[in-house]
Each structure stands twice: as structure tokens, then as C-alpha cells.
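Biologist: I'd like to learn how to read a structure like this one. Could you walk me through it, feature by feature?

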Amino acid sequence: MGKTILAATILALLVMQANAQISVVKLVGNNTKDYAIGFGAFIKGGVPVSEAADVTLELGADIFFMKGSGGDYGTIMCPLKAGYRYTLNKTGQGLYVEPQVGFNLVGVTSLPDENDNTLNLHYHGVVFAAGAGYLFTIGRAPFDLNLRYETVIAHGGSNNFVGLGISRFIFFRKRDSD
Amino acid sequence: MIMKFYLIATAIPILLSSCLKQSIPDAMLGTSKHTKITATLSYEINGNLVNVSVDDADNQASNFHTLECVKLNGYYNLSAITDFGEFTFNFFTDSLKVGSYNYPTNSGGIYVTDFHGPNFVYYPMDKMNFNVTTYEAGHISGNFSGVLTPQVNNIWGAASSVTIKNGSFKNVPIFY
């Protein structure tokens, strides 16, 4: 778990340097009561494909620690997702909805085994997410406040979580109307 | 039209996650199971059929597992106790996945099985191929084949003279 935390910390620093996104996340579903609220860090960018919509690409890391483990046990997942973000007022600003699909590049869950040794379970899996949010600008900087539900599917099971995030969004190309 | 698309897209993750009630760690560990699962392993060794079947494979006697795959330090060991002796194969990986696994060519001889006494061992000129075709809910299934060399009292027999074919395993539980 130590290497995982180090990798997550490096990613979080990169994300902050890239003016990217942070969020709070919570695992939901069976056997998740032992997990504390986690945090996520993302690099997310988009290309406008119409006045109303952007195609988005997001690389992130979500980390969830087990309560009372002192950071020794928990779960980390690094999904790479593509999405289609559609603003309801068709202006590229304001309320939007965004389905995403992708692949979990890294998934590690660290647990204590019967002898209190650390057991690391490694997995990948497909990712589906449904999100909604609000796009706004402060000065000339675009910001994105969002709520999403995400599921990672692997080995016949799924890790599900909800996330609330805010980001300074990166546009790789301006809209025609800008 | 576009709202219908978003409604469907939103429903997909919720539907999938509600269908897959186990978390990924639980699924990998095979916990939260309520049904008895039968594990099987069978193969032909020089034309002789060997098979083993274990009812309720997730709850075998704690000190005597007839058919299992155990995660050890740096590898997974699949082992079976048959009427003719033992059978074993090591998956040299830290993280077992669906895919093909072969023994390394630089091995100095790895015990695989015995049959009516002699040990049949993988030797560098031999072949031992395992395919894990499914890995779900803490259980693996797949097929295997190989060519081995007999060894009795540390004396090698005719090289590559033992053939294992039509090997298959199903619902073998993984224990950690």
C-alpha cells in the first residue's frame, strides 16, 4: 500500500500543478462500511464538438482508506475515461450531463489476511460513469462543479462510488462562439 | 432523443453495479458466497484418464484441500490430490489473470505429477501450457496440456515421453 500511496501523492501533485481536479469520493455498496470517505485527483480536458457538447478525456486516481488502518489498508483505482458532456441550455455553460466509459488502468485493494499480513489484490476492469454538473467561469478561467456515480467492473464484481468534485477545466480548443 | 440517450447512459452503470452485488475484492476472494460450488480437474496422462471432483470446493477441510489454487509469495500454486497421486502447476505471477501461462525454459526441473509411482517432471525441453479462460468470483477455469519427463529416485527417464492432454479445470477456488 505504501507504493500505492506514493503514486497517488505524485499524481495528486501533478494534478495540482496542471490546474486540474480534486474531489471527495465515497465507496457505496456491499461491504463498504469499513471504508472512510476518500479523495480523488484528476486531469480532465475536453474538445468542443458543438455549441452544446464536448468530448472529454479524464485520467484520475481515487483512493479510499479503511477506517482505523492508519493508511495501511485501502483501495486505489486509476481510471482513464472518455465522456460526452452535454450542456442542457446548449451554450457550453451551465448545467450538464455526462456519461463516461473507460478502463481502470490500476486497481489495488490492500487487506489484512488471516495472519495480519498485507494481501494486495490487483485488478483492472471496465469503467462506467454517469455524471452531472455545472460549468461556470471566474474571470476567464472555466470551472466545473460535478457529481458522478461510477462503477468499476472486474472479476465478476464491481467497486462503486459517488464523487463530488471541482476543477479548473482545460479546453484543448475554443468554441467557435468564443 | 438526446435525453433518452442520457437516461440510458445513466442507467447502465447503476444497472451493472446493482447486478454485480459483490465488490471486486470480495469477488476475487470468493467471499459472500451462498451456493456450493463443485470444482473439477481432469486430464489424460499417456492415455490414462485422471479426474478429481470436489463438492462445496470453497469449504474443504481446513488441513486437507483436495483441489485448490493458493496465492503464495510471487506465484499461485494449483494443486490436486487424485487417485493416482498429486498434480501441481505454478502460475508464476503476482496477479493471476485470464491468459496463457507456460513454464520457463530455464527451469532445472519442476515437479508436476505422479502416476502409479514415478514422478513426471517438467524439464527444460518439455512443455507445460495452462490457459486460464475465466476468473470470476474467486474461481478459475481453463484447460492445459503438456509433455513431461519421468523421474524415479532422481534418475531421469526417457525425455519428453509423457504426454498430458485434454486437461481441464473448472471452478477451482483461489485461497489467499
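Biologist: Let's start with the largest cavity: how many nonpolar, polar and charged residues does its lining have?

Modeller: By class, the lining of the largest cavity has three nonpolar, four polar and four charged residues. Here Ala, Val, Leu, Ile, Met, Phe, Trp, Tyr, Cys and Pro count as nonpolar, Asp, Glu, Lys and Arg as charged, and the others, Gly among them, as polar. Before we go on: this is a predicted model, where local features need pLDDT of at least 70 and side-chain atom pairs count only at pLDDT 80 or more, while totals for chains, interfaces and linings use all residues. Residues are numbered from 1 along each chain as its sequence is written, chains are lettered from A and ligands numbered from 1 in the order in which they are written, and side-chain values use heavy atoms, leaving out hydrogens and water.

Biologist: How is a cavity found, and which residues line the largest cavity?

Modeller: Rolling a probe the size of a water molecule over the atoms shows where empty space is left. On a 1 Å grid over the protein atoms alone, a cavity is a set of points where a 1.4 Å probe fits but cannot get out, and lining residues have an atom within 4 Å of a point. Points are joined across faces, edges and corners, and the volume is the space filled by probe spheres set on them. The whole structure has one cavity of 30 Å³ or more, and about 70 Å³ of space lies in the largest cavity. Its lining includes Lys44(A), Glu58(A), Glu98(A) and Arg148(A). Strands S5 (94-112), S7 (126-138) and S8 (141-154) of chain A each give two or more residues to that lining; strands are DSSP runs of E, at least two residues, numbered from the N terminus.

Biologist: What partners does Glu58(A) have in salt bridges?

Modeller: A salt bridge is a side-chain nitrogen of Lys or Arg within 4 Å of a carboxyl oxygen of Asp or Glu. Glu58(A) pairs with Lys44(A), with the closest N and O atoms 3.7 Å apart. Glu58(A) sits in strand S3 (residues 53-65) and Lys44(A) in strand S2 (residues 38-48), 14 residues apart. Glu58(A) also meets Lys81(A), at 3.2 Å from N to O. Over all chains there are nine salt bridges.

Biologist: Is Lys81(A) buried or exposed?

Modeller: Buried means under 20% relative accessible area, exposed over 50%, and partly exposed in between (1.4 Å probe, protein chains only). Lys81(A) has a relative accessible area of 0%, so it is buried. Glu58(A) is buried too, at 2%.

Biologist: What about Arg148(A) and Glu150(A)?

Modeller: Their side chains form a salt bridge, 2.8 Å from N to O. Salt bridges that share partners join both of them, along with Glu58(A), Lys44(A), Lys81(A) and others, into one network.

Definitions and conventions:
On a 1 Å grid over the protein atoms alone, a cavity is a set of points where a 1.4 Å probe fits but cannot get out, and a pocket is an open set with protein on both sides within 12 Å along at least five of seven lines; lining residues have an atom within 4 Å of a point. Helices (H or I, at least four residues) and strands (E, at least two) are DSSP runs, numbered from the N terminus.
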